[in-house]
Amino acid sequence: MGEIINVFVGQFGVQSGYEYWQQICLEHNINSYGEKLTQEQDNKENVTCFFNESEKQKYVPRCVFLDLDSTPIDEIRKSSSNFFRKDCLISGKEDCGSNYVRGKYTIGREVCNITLDQIRLESDKCDNLQGFIIHRSINGGTGAGVGNLIADRLSIDYNKKVKINSLLFPSNNIANEVVEPFNFVLGMHDILNNLDMSIMFQNEQIYQFVDNFLDIEQLDYQNVNQLISIISSSLTYSMRFGGDLNYNMANLLTNLVCYPRINNIIPSYSSSYLNFIKEKSGQPTINMLCSSLFNKQNFLVDCNPEQDKYLSCCLTARGDIYPRQMSESIKTLKSRKSIDFVDYIPTGIKVGICQKLPKNVFFQEYESKFQRDAILLANNTSISSIYLIMAEKFDKLYAKRAFVHWYVGEGMESDEFSCAREDLQALIKDYEEVSIEANQSYNEDD
Ligand SMILES: Nc1nc2c(ncn2[C@@H]2O[C@H](COP(=O)(O)OP(=O)(O)OP(=O)(O)O)[C@@H](O)[C@H]2O)c(=O)[nH]1
Ligand SMILES: [Mg+2]
């Protein structure tokens, strides 16, 4: 089915990337030395989607890690020195100090070229490269600024390949960086042009999600990153393990992105049935599993899809699930009032099924009881409520020109701020327009 290159940029990218490979290795049964622990390979399994096979019959991850701050990369060098290729772990001397422009225009340039050389080296080893997944946060300087520099170049050098973002973006109510709204607005302006699709995550919503279903007292970044890894690894699950209803990166895009700029996807995970497993020691029905995905509390972004319109979605079910059962469930789902599709996309739900049992680093405690799970990637207009919140925060800072000198001081023209802000406004308008029903616009034309 072709190979994929994973790129991890900035602290979030690198730290979540480490957990991501733990998750991938668990699924493929590969240890920290790159050795496959089960001899006979499932004949549908496609290990080479993510790994290069070395002459010593070891599996080497096809990826590049980059952070301008060396600490997160040094941690990986210490703990997994035999697993990753040394040259694919790239670090700098100082971070961007949460400044998008430092990453994009000044200190990120040189390191971007080194990263692209490593990406080229990996792509030369591929027979049929499908595309790239870039993992990063848009809140700071490196993941956002250097990440966009890399994405810009990929969109030129690998124009026909699919490019997907796994993107942490600012939470609605808590912020670790004061200048997050600036980095978000400037970063989104570029992302809209250089990437095909972004899967969005918010830390605050993930904390809430965990509180709803699990009893973890001290939730740390490792836990959050493990949860994010379940979603981002599931994106390629059916490409790596085959299944009754399979898809590759290109058909995932074709089915989810109905307009080029309406491409920010909110994920949901079927964990609400954990309570069911804990209390009743049984398995949830497939209907319960699929239905839970559409509940607000299962989404990893703080918006309310139940009150807005779905444009399209991709539902991937894993475990002992078969196409006919799924079709029945989808029929039931479509009759639910809170799942409201725009009338001009009547088919709406793409389904993927993979019979390989899900394994995951986060819920290992319950693993023996996990016979199935499901993930939803939804293109829903409620995401624009978050753009509105970000736009408001940006406007407050910008009205007083607070912190603007840090950006201008790095060589950015001050009208780039207003240009990026206008683009966000245009995006909000785009979302309003796509949620107008075909019937409604027909009547208005009348
Ligand atoms: N979930 C999660 N969030 C993280 C992690 N590390 C940082 N963050 C969040 O990411 C945002 C900042 O992005 P970073 O990735 O740290 O920034 P960076 O890309 O390294 O950029 P600079 O440090 O400014 O050069 C903040 O909102 C942090 O809360 C992590 O390992 N997991
Ligand atoms: Mg950093």
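The following questions and answers cover the domains and the ligand of a predicted model.

Residues are numbered from 1 along each chain as written, and chains are lettered from A and ligands numbered from 1 in the order written. Local features need pLDDT of at least 70, side-chain atom pairs count only at pLDDT 80 or more, totals for chains, interfaces and linings use all residues, and side-chain values use heavy atoms, without hydrogens and water.

Trainee: Into which domains is the protein divided?
Mentor: The bounds come from an automatic or database domain assignment. The domains are domain 1 (3–244), domain 2 (265–382) and domain 3 (385–445).

Trainee: How many salt bridges does the rule find across the interface of domain 2 and domain 3?
Mentor: A salt bridge needs a side-chain nitrogen of Lys or Arg within 4 Å of a carboxyl oxygen of Asp or Glu. Across this interface of domain 2 and domain 3, the number found is zero.

Trainee: What share of the area of ligand 1 does the protein bury?
Mentor: An oxygen atom of ligand 1 is 2.7 Å from a polar backbone atom of G143. Accessible areas use the Shrake-Rupley method with a 1.4 Å probe; for residues, only the protein chains shown count as cover. Alone, ligand 1 exposes 640 Å², and the share that the protein buries is 94%.

Terms used:
Polar contact = N/O pair within 3.5 Å; in protein donor to acceptor, adjacent residues only side chain to side chain.
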